[in-house]
Every structure is written in structure tokens, then in C-alpha cells.
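Student: I have a structure open and a list of terms to go with it. Can we go through them one at a time?

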Amino acid sequence: MHRITILLLVIFLLPVISKAQSTNDIYLNALDDWHDGHYPQALEAFQTILSGSDADYYFKQIALKTGELYKVTELSIDGTNVRFDASGKYAIYERSEDGQTNTYVVESATAKEVAKVRGENLKVLENGEIVFLQLADNKTVREAVATRDKKIEQAYATMDRDLFYGAQREYAAIALKNTKLMFMKNAKAKATDITPKDHLVAELAYPGTSNTVYLVAQKKGTDYSDVFSLKTSNKKLSNITSSKSFESGVDFIDGGSMIVFNYSARNALDPGSDVSPEVRGKAGVMNTSGGEVHLLDGALAATGSTKKGILLTRADGDNTQVFSVDAGSGFTETEILTTDKEIRYFVFSPNDSKIAYAIKEQDDFEIYVHDINGENRTRITHELQHDLFPQFLAESKLIAAKGEGRHRRSFMYDLETGKVIKLFHNNTIRTIAPEYQWAVNVTGDKILIVSERDGDTISPERGVYLLDLSNMISKADLNARVALQLKNEMELRAKGHKLFAPIADEVNMVVAEASRNRVYTYENDLYKFDSKYISQPGNDKASQYLFDTYTSFGYSPEKQWFTPPGRQVYGGKTANVVATLKGTTNPELVYVVSSHYDSVERGPGADDNTSGTAALLEVARLLADHPMPATIMFASFTGEEAGLLGSREFVRQAQENGIKIVGALNNDMLGFANDSKLDNTIRYSNPGIRDIQHAAAFLFTDMVTYDALYYKSTDAHAYYEAYGDIVGGIGSYPVLGNPFYHQWNDNLETINHQLVTEVAKTTAATLMLLASSPSRIKGLEAKKSGSNYSVSWTASPEKGITGYMIEYTDRSGETKTESVTGTTAFLKNVKAGSQIKVKAVNDKGFEGWDWARVAAE
């Protein structure tokens, strides 16, 4: 090519190349800003890209960074046991309502509800008929439910696993005696009882074709169960097995021509029973038309779709052997692997050529894929967190869940390209969305997810969502999402700057003294005591160390000794350790910051919760020479791992002694850094404290913070029980994502000491603002007169209050703000259904850290 031609071509292409590089630079810088928590800068950059000529190229990347790429539809605000019918036409979920279980059937293409029945284990047959199990609504069942729930609540409070599982077994035995098999000709028809006479139905299964369902049922008067077939056309019951044992986990292969099952360890009616010796530890397979059961030596681990779709596991000493079985070739076995590692969650690919599973080769579970012939083992996930519950979408794609049970998230893995996509989110920046259940339809293009999408882990509801992999969000959806995120983030930051303005210089001076070396010293000293569970000598050593350390800061700490009833305690008693920084202006008002210092019995608890204890000590040191207007108590709790013993004792004594606790922070398990970010989650019951902690982090630290409405099963619960929603605090991100959580190897080398230091700085800043600000007012009342309201409240207890701010929405939808000096106000034209909010302002310019709220009727 002629040199002049080449030169002209380069000149022509130069603007295009420069522009592409410029857009890419903007995008990469935006990713850096997002990583560091500089969200406004990142979002503004995303807006620039989305409005430019390269918007299409960056659309997917920006969508996945800010939330979801695929359309998600909410099917219900609450539900569980999600699945699709065999055809994939219907999405099915169950919901507890008024003490009963209802099952909903929804068209997966339209999200339109087509049926609601009282019952569970529902099957939609090929011809549109519906079969399900229904628990009787009688006094016996209601009493059994109440007893079970009471025992389970007690088991959670005392962390008694035997009580928990015993309660479940007792209830199951009563439920089995009161369960009916129900039939509907179609979704609109009346349900009729087709329970086989003199039989107790324990399980219902459907192969996906024909009008025949299969039951695991126990004939009354016998001590074993069998598998039966039942034709819905004539209600004819046929006995399929006669092993005189207990079958469970019924499934089908080869288009429903063969049935497979495990032999259960016990009979639901007799928890002490066991299977007959000839079938113990075995699985069964047979033709659905009947005939001889072929016994398989091992436990059924997974089933596929073809005759090759049988997977067994069996123990060989300390090893687990995994075999595939070909039912079409004389039940020949092929060994896939043998391992001494913990292995679980097996699943076949759609054509049974592969299996996926989770194996704990080191400290966490990872997902692997294996050819069914035992070759080509491939590791799919590479995370410090647990990766669990694989499900294939296609031969080359699967989904799996990442994280601990209280904060799992689903990801899609392309087995050919290695590309990973996060599937589900709530499309906010700060609020987490824990997921709990997943189900994939037969074509692999739709997924049902159960999630606390709003980050509310307190309410019992968990929403049901339908994710459509064939339908991406629109450009308009993404632009609206980014704009809303930017608006919300800017409002959060403006609020934080405003609240901290009167004290920002002082906070900066205090947190500048935070020392990572000191934090590490506390951690290392505590770590050397090994387990600090209440029955171990390390518990007493740790309490004395805390006492001495608080003393070295200039405090006069106290030990709150007590003997937990019915617990084995080292030395017969255990103690909280409490240090107090007396307030200068309002010493009678108290803010508490706490962390538990005990660990589980099996390990040293470097993250859970030496990390929180070290942060607490550093906060106490930072504030020792900086008393605030209100009193601050630093509480190191014992016995959290034994059932929140120390925090409940602290609250009991506080109430008994008339201590006026008006706010609290509880930090627990905060030192594990999953990646290069310094990030943590604010676990709160009070949204005002939540926003202050966000502001404390982005104004005074390098830590990025997320949030969740979360306090159950933590020491924050003790505060909530006694004082209501006055609690904030910091936990891990991902929440409980540390794979060493509650393990023997929760060791010090897994802790990021800078992250713990950033938590200490955030906590100190938060406490300084809380203890300087008016607390939330009490006694707010609103009396209606037409569209007007007379509002009154109890005077704020702090000294130096100069007035009160009132915020409400008028009938036009406009937000109104008024200021008064007294404790009453008359508000005109208030919008019905809106909130009237009031908070105090003091003579130092501090606003109350949370609004008191009352609804306008």
C-alpha cells in the first residue's frame, strides 16, 4: 500500500481510536471509583458513557456493575419451596398464610396467577390436572404447630440443635397422620380428597408425563412404607415396592419409565426405627410399571434425565466414592472420583454427560464439573467464600450460590468462556439482597429466586422473583437506574455532611490517632487465649485482659459477673467487662458500643469476634481523653456464642439500675476482607444510625459500607428486645462470608487489620455525633381535625435544646418543613397516609440523629 494512503488512513482512523480509548479510560476510572466507594464520580461517568456513541458496547458492563442485566418480576412478597412444573410452563411456590400453607401456580411466561390451593407438594400433570398434599386444619395440627414453633424458638435462643431437630421430628409424625391427598381436574375445579383408604401419604412424586402419580405411603397398622402408583383417571392404587422398609427422595429417569429412590434411615411415625439390614445404605431403581427393585450399593446423590442419570455415593473408610450408574446397560458403574474431602450438592447436566458438585478441598467449598465417564475434571469457581448449589442451565452454563446461609448471591458461569455474571440484585448501591432458594426451568432460560431483596432480614417475609434470561433490561431502564442511584447517593452524602458539620474537625482530629499496630496488638493478645467460649479457660483470661486494657486507657472498668443457668462455665461464672466515659452535659443519657469477646468452643475466633473486640478497644482508647456531651459505655460481652447471654445480662442490669440507654452500636465479625476492598455491612434496626454510619465511613475513613436491616441472633437483639429500634453496628461484607466462620481455623492470619482499624474510626466518628446530638424524641402524637393535625410530643431530655424541626407532606404532595420552639404544632392540609416527623435541634447546631414518626390517618 502507498505510504500516502496509509498516512491518510491513520489520520482518518485517529479520531475513532482516540475516542474509543477515551471512553475506555472513562470506564476504567469509573470502575476504580466504584471500587473505592466514590459512587457519585462513578455514576456520573456511567451517565457520560451511556449518553455517548459507545453506549451499546458498555451497556452490559454498566448494567452488571450497578445491578441486574436481566428482567426480574416479583411474583409474591413472601414464599418458599420454589420450583417449576415438569414442562416449565408454570412457576410454583408455597406461602404460609393464616397458619396454613397455600401453593400458588403462576404462568412463567406472563407471571399471571392461575391457581391457589391450600396444600403443598403440588404437581401439575401433563393434562392440566393438579394433585397435592393437604394438612388437615384441626385442633391436633394447630397444637402441634404451636408446640413445634415454641420449641424451635427456644432452640434458637439456647442454640440447642437436638431440641430443634427433635421438634421437627415430633411435628412430622403428627403431620403424617393428618395429611390428605387432594385432586383437581383443572386449576379452576374444586379439590377432592383421593387419599387411598387406610394409608398415610408421606411423599408425592410425578414423572412429568402421563396421568399417573407416585406416592410414598404407609399402610395403617404397619411399621414400613412402600411406593405406590395412582392413576388420576380411575384413582386406582397399585403397590410398586414391597421392601417393608422406608423409601424417600423418589425421582424418575428415562422420561419417567424408571423410578429411583433412597431407603430412608427411619420411619416418620417412629423416630427410633431403622431400615431393614438388606437395604440399609442402598438405593432402589425399577420400572414405573412395576417389577423387581434393583438395589444399588450406595446413597442416591443425584438423578438425571436418561438411563445414565443415576449418581451414587458410598463411604469407604474416610473416603467418599462417587459412581455413575447406567440403568440401560446392566446397571454398570463408573467411578467418577474418590475423595477424603467433604463433597455434596451433585447435579447432572441436561443430557447427563456431566455432573457438577461442591467440594471442600481446602477451607471453602468450590464448584467442579466432571464428565460422567470420570474424565476432564474442571474447577469452575475460585472464591474464598463457599460456592454451593450448582444447577445447570445448559450443557455449557450453570448457576451457583456464593456465600454463607444468611447472605448468598447467585452467579451464572459460562463453562466455555469462563465468564461469570451476577444474576440478581436490588439495583441499589448500599443495600444487600440475600438470596435463599433457586430453581431453574427445563429450558434453562428462567430462574425462580427467594430473596430478601429489600435487605430486610427481620420481617419473616421473603419475596419470590422470576428472572428471565431471555429478556434483558432496556437502555431506558438502565439510565433510570443510574440516575436514581446518583440521586440517592448525593442525598445520603449531603445529609452526612450536614449532620457532621458541627463536629467534623474534632472527629478528624480523633480518628487521625487510630493505630493499626495497636489494633493488631489487641488481636494478637486475645488470639493467644485460644477458644474464649464460656466453658474454656480463655474466657476468663480474655475478660481479665479487657479489664486491664480498659484500665490502661484511664477508665475504671467493672466486671459484671453472672452464672448462666444450666450452662457449663469455666470457674462457675463469667463476666461482661464494661468501661464508662461519663458525659459532660447529659451524663444521664447513655450510648453503648459493644462487641462480644467470646468465641465458639472449637476455635479461637479471630474474626468472630476478636476483630470486633479489637475495634472496640481502639475506639475506647481514641475517646478516652475526649468525653462527649452524653455518656458512652464500652461493653465487652461474654456468652454470645452460648445464646446472647452477656448482652441480655447487661440489658437486664441496665434496666434494673435505671440506666437510660438511648442508642447503641454493636460490632460483630468485621475483619475478613474478601477482596481488595475495605468494606463492611452496617447491620441496623434504626435508619438514622444507619445513615450516620455510612457518613462516618465516607467522610472519615477509607471503608466502603453497605447495609441490611439485621439484628437477629446477634447481641443487637438484646438491645432491640428492651429498647426497640435504637441499634446500629458493623458486621462483615459479604455478611458472614468468611469461610472460617465458626470453624477451628478462624485464625489471625485471615484478618485484615487495616479493615478493623477503619471500623474503629467509623465507630468513633458515629459515637461522637450520636453523643453530641439530641436523641429521638418520645411521646409523639397527632390528633386529626379534617385534613389538619394537632401534633404534640415529650420535650427532649437533653440540655440546650433550642427548638424542633417538623417535616410532613401536604395534600399536593409537597414536602413541608416547619420549626417550633415548644412541644406542639398545628399542621394544615396534611396528606392522608403520609408521615409526620419531628426531631430536636440543640444550641450547638446538632439535629436529632433520627426522626420520631407518626402516621397521618
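Student: What makes F261 count as buried or exposed?

Tutor: Start with the ground rules. This is a predicted model, where local features need pLDDT of at least 70, side-chain atom pairs count only at pLDDT 80 or more, and totals for chains, interfaces and linings use all residues. Residues are numbered from 1 along each chain as its sequence is written, and side-chain values use heavy atoms, with hydrogens and water left out. Now the cut-offs: buried means under 20% relative accessible area, exposed means over 50%, and partly exposed lies in between (1.4 Å probe, protein chains only). F261 has a relative accessible area of 0%, so F261 is buried. Y263 has 8%, so Y263 is buried too.

Student: Why is the pair of F261 and Y263 called what it is called?

Tutor: Rings of Phe, Tyr and Trp (its six-membered ring) pair if their centres lie within 6.5 Å; planes under 30 degrees apart count as stacked, over 60 as edge-to-face and the rest as tilted. The centres of F261 and Y263 are 5.4 Å apart and their planes stand at 85°, so the pair is edge-to-face.

Student: What kind of pair do F637 and F650 form?

Tutor: A tilted one, with 5.4 Å from centre to centre and 55° between the planes. F637 sits in strand β36 (residues 630-637) and F650 in helix α11 (residues 645-656), 13 residues apart. Both residues are buried. Helices (H or I, at least four residues) and strands (E, at least two) are DSSP runs, numbered from the N terminus.

Student: How many aromatic pairs does the ring rule give?

Tutor: The count is 25. There is also one aromatic cluster formed by Y27, W34, Y39, F46, Y57 and Y58.

Student: Why are α4 and α5 called roughly antiparallel?

Tutor: Axes are lines fitted to C-alpha atoms, for helices over the stretch in contact, and angles run from 0 to 180 degrees between N-to-C directions. Angles under 35 degrees count as roughly parallel, over 145 as roughly antiparallel, 65 to 115 as roughly perpendicular and the rest as oblique. Helix α4 (residues 139-158) and helix α5 (residues 161-177) pack at about 170°, with axes 8 Å apart. They are therefore roughly antiparallel.

Student: How do α6 and α12 lie, parallel or perpendicular?

Tutor: Helix α6 (residues 475-500) and helix α12 (residues 687-700) pack at about 85°, with axes 9 Å apart. They are therefore roughly perpendicular. Contact means heavy atoms within 4.5 Å. Among the residues that meet are L492 and F500 in α6, and I692 and F698 in α12.

Student: How do you know which strands pair in the sheet with β44?

Tutor: Two strands pair if DSSP finds at least two bridges between them. Strand β44 (residues 801-809) and strand β47 (residues 835-842) pair in the antiparallel sense over six bridges. I806 stands opposite V838 in β47. The open sheet has four strands in the order β45-β44-β47-β48.

Student: What makes β45 and β48 edge strands?

Tutor: β45 (815-820) and β48 (852-855) each have a single partner strand, so one side of each is left without a neighbour in the sheet.
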